[in-house]
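Biologist: Before I rely on any label in this model, I would like to hear what stands behind each one. Could we take them in turn?

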Amino acid sequence: MNPILRARQVNIYYGDKRAVRDIDLDIAPNTVNALIGPSGCGKTTFLRALNRMHDLTPGARVEGTITLDGEDIYGDVDPVSIRRRIGMVFQKPNPFPTMTVLDNVVAGLKLAGIRDRGTLLEVAERSLRQAALWDEVKDRLNTPATGLSGGQQQRLCIARALSVEPEILLMDEPTSALDPQSTARIEDLMSDLKKDVTIIIVTHNMHQAARVSDTTSFFLIGDLVEHGPTDQIFTNPRDERTESYVTGRFG
Amino acid sequence: MRETTPSVRPRHAAGASSRGDGLFRGVILALALAIVVVFVLALYQLVAGSLPSIERYGFAFLFRTTWNNVTSEFGALPFIIGTLVTSFAALLIAVPLAIASAVFVTEYAPRWLAEPVGYLVELLAAIPSVIYGLWALFVLKPLVVQLGTWIFYQPWIVQNPSLKWLVPSNLAGLGLLTAILILAIMVIPYTASVARDVIRLVPQDQREAMYALGATKWEVIRSAILPFARAGIFGGVILSLGRALGETLAVTMVIGNDPKIVSGLFNPTATMSSIIASEFNEAVNNLQRSSLIEIGLLLFVISVIVNYVARLVIARITVGGTS
Ligand SMILES: Nc1ncnc2c1ncn2[C@@H]1O[C@H](COP(=O)(O)OP(=O)(O)OP(=O)(O)O)[C@@H](O)[C@H]1O
Ligand SMILES: [Mg+2]
């Protein structure tokens, strides 16, 4: 299958410091892909390069090519249009606190100029169902988003990201601030979601990576050490550094 | 240590510090009480001074429109209207400019420009009123005259007898518009500097959440940053309003101090503080003096009400746990 996302010789710098080195990576459509590795190895840095978030960080620089459906996302394109196609869910739930649940979900649609209330409600329901949140919030769509629990807020953020129908969803440790139950719900979600969207998820939780992902990439101090099908990475890694990491011997 | 038994030592230390605490608490309490006493005394003086006019006019004082020291007829309505109109119109002009300057300084300007611009805006708050008043007389007044002339002395107005009533009787440049403009400039720094600080405090993850949905920079500002900062910005607006309601000298210098309900942008009128400042020393009789004091009392009451309402609004719109 043709990769939906392709990274070639990607180097990412903060000032003079190179945080990520020579990454080559292909991501197939409709898969869940885990990025793992010890703290500070560059997972977040790499992930944020994929939707041009580094444009917002002064001093950060991305070299190499990253293509989405064959189109260079650092080429002659508007980063805004790239971010519409590649959504992101952050480590800490970050709903917009002054907006209602409904307004949060449809914030991206409103940016896209959609005003029709019927359409907004329809998309909101679809996205909230995708994020397994609909039943919990359908009676409080017009209450402030800050009234939801942390786990609900994170699913709200997932619904918000899904509402604009991105091709790829980037998730940076989306469950690290959540309780086991909310974590389990979000993990269940991912396998359902992948029929609609390709997921790239950063996680520190080996069990999570093993449970939810189809491929796993192991990063170490800025290098992509090994990338492959998740069962192979966890049962039969080629690199011994990968093996010691996934078996918990370091990191 | 003067104590002989070692076991007393900690207690002694605790005793000394709690005695210090006690003293400190006493001093603080006295200072706090002193503030309350001053506040109550001021209020008492205002009420006592207002009594003759309160006895004479009662509640109707608020709605009486005549202010005539020849016939000794007094009423507060022209000045209440003058104060409210100048203050809110000034805010209408100042707040968008102030927010724009805060957004520019925090989101657009490179640091070498943001620092001096921010500093200059703050400096505006440190300029004495009288300087603003002079500047308004020398710069704003002629501009207002020009603007008025340009608007009203169009041939099709002047040569048309049925429109002649539109033309202000006297276009001296001293009046409502000049007062509003100078007030607007004077109150910008309060909203601007508070807005700048609260915009800086908007968490990065709020901005990134909006960017990640495909927002442009302007959309991030409008849909994520400003809503998040709104309670703090509103607090700054209230500071500006407080300044506008109470500002005396600069307004007195340019508003014309005509004790009539304002009849047009270019016409002279007076505010509560400007009428007190311009007439108190020349008050011809007790009733006039007392009426002026009552206007002071009303200004005090209006300020308290505005602040109280502002608190309620801020509490309502505050983002949970921030600002
Ligand atoms: N804004 C920044 N400016 C400078 N250096 C940075 C910045 N962000 C990250 N770094 C550095 O880049 C390296 C990679 O950081 P990154 O956040 O990508 O790691 P990570 O794998 O996501 O770690 P964690 O698992 O702790 O989230 C680290 O050495 C970090 O100190
Ligand atoms: Mg990270």
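Predicted model: local features only at pLDDT ≥ 70, side-chain atom pairs only at ≥ 80, totals over all residues.

Biologist: What makes the reach of α11(B) close to the expected one?

Modeller: The expected span is 1.5 Å times one less than the number of residues, and for the 32 residues of α11(B) this gives 46 Å, close to which the helix comes with its reach of 46 Å. In α11(B), the buried residues are Q288(B), S290(B), S291(B), L292(B), I293(B), E294(B), I295(B), G296(B), L297(B) and L299(B).

Biologist: Why is L143(B) called partly exposed?

Modeller: L143(B) has 14 C-beta neighbours inside 10 Å, whereas a residue is buried at 20 or more and exposed at 12 or fewer, so L143(B) counts as partly exposed. L143(B) belongs to helix α4 (residues 129-152) of chain B, and its C-alpha lies 9.1 Å from that of T178(B), 35 residues apart in sequence.

Biologist: What makes β1(A) a partner of both β2(A) and β4(A)?

Modeller: Two strands pair if there are at least two bridges between them. Strand β1 (residues 5-14) of chain A has seven bridges to β2(A) and eight to β4(A), and in both cases the sense is antiparallel. A7(A) illustrates both pairings, standing opposite L25(A) in β2(A) and having I66(A) as its bridge partner in β4(A). Between β1(A) and β2(A) there is a hairpin with two residues between the strands, and G15(A) in its turn has a positive phi of about 65 degrees.

Biologist: How do you know that β4(A) and β5(A) pair?

Modeller: At least two bridges are needed, and two bridges join strand β4 (residues 60-68) of chain A to β5(A), the strands running antiparallel. L68(A) has E71(A) as its bridge partner in β5(A).

Biologist: Why is the pairing in the sheet of six strands called mixed?

Modeller: The order of this open sheet is β6-β7-β8-β3-β9-β10 (chain A), with mixed pairing, and its edge strands are β6 (86-89) and β10 (223-229) of chain A, each pairing on one side only. The twist averages 15 degrees from one strand to the next. Strand β3 (residues 32-36) of chain A runs parallel to strand β8 (residues 198-202) of chain A, with four bridges, and four bridges also join β3(A) to β9(A), again in parallel. β9(A) and β10(A), by contrast, pair in the antiparallel sense over six bridges. In the hairpin of β9(A) and β10(A), I221(A) takes a positive phi near 35 degrees.

Biologist: What makes β9(A) mostly covered?

Modeller: A residue is buried if 20 or more other C-beta atoms lie within 10 Å of its own, and five of the six residues of strand β9 (residues 215-220) of chain A are buried.

Biologist: What surrounds ligand 1?

Modeller: The shell consists of Y14(A), A19(A), G37(A), S39(A), G40(A), C41(A), G42(A), K43(A), T44(A), T45(A) and T57(A). By class there are three nonpolar, seven polar and one charged residues, and the largest share, three residues, comes from helix α1 (residues 43-49) of chain A.

Biologist: How many residues of chain A and of chain B are in contact?

Modeller: In chain A, 20 residues are in contact with 18 residues of chain B. On the side of chain A, α2 (79-85), β6 and α4 (107-111) each supply at least two residues, and the classes there are ten nonpolar, six polar and four charged residues.

Definitions and conventions. Residues numbered from 1 in each chain as written. Chains lettered and ligands numbered in written order. Axes fitted to C-alpha atoms, helices over the stretch in contact; angles between N-to-C directions. Near = placed C-beta within 6 Å. Nonpolar A, V, L, I, M, F, W, Y, C, P; charged D, E, K, R; others polar. Contact = placed C-beta atoms within 7 Å.
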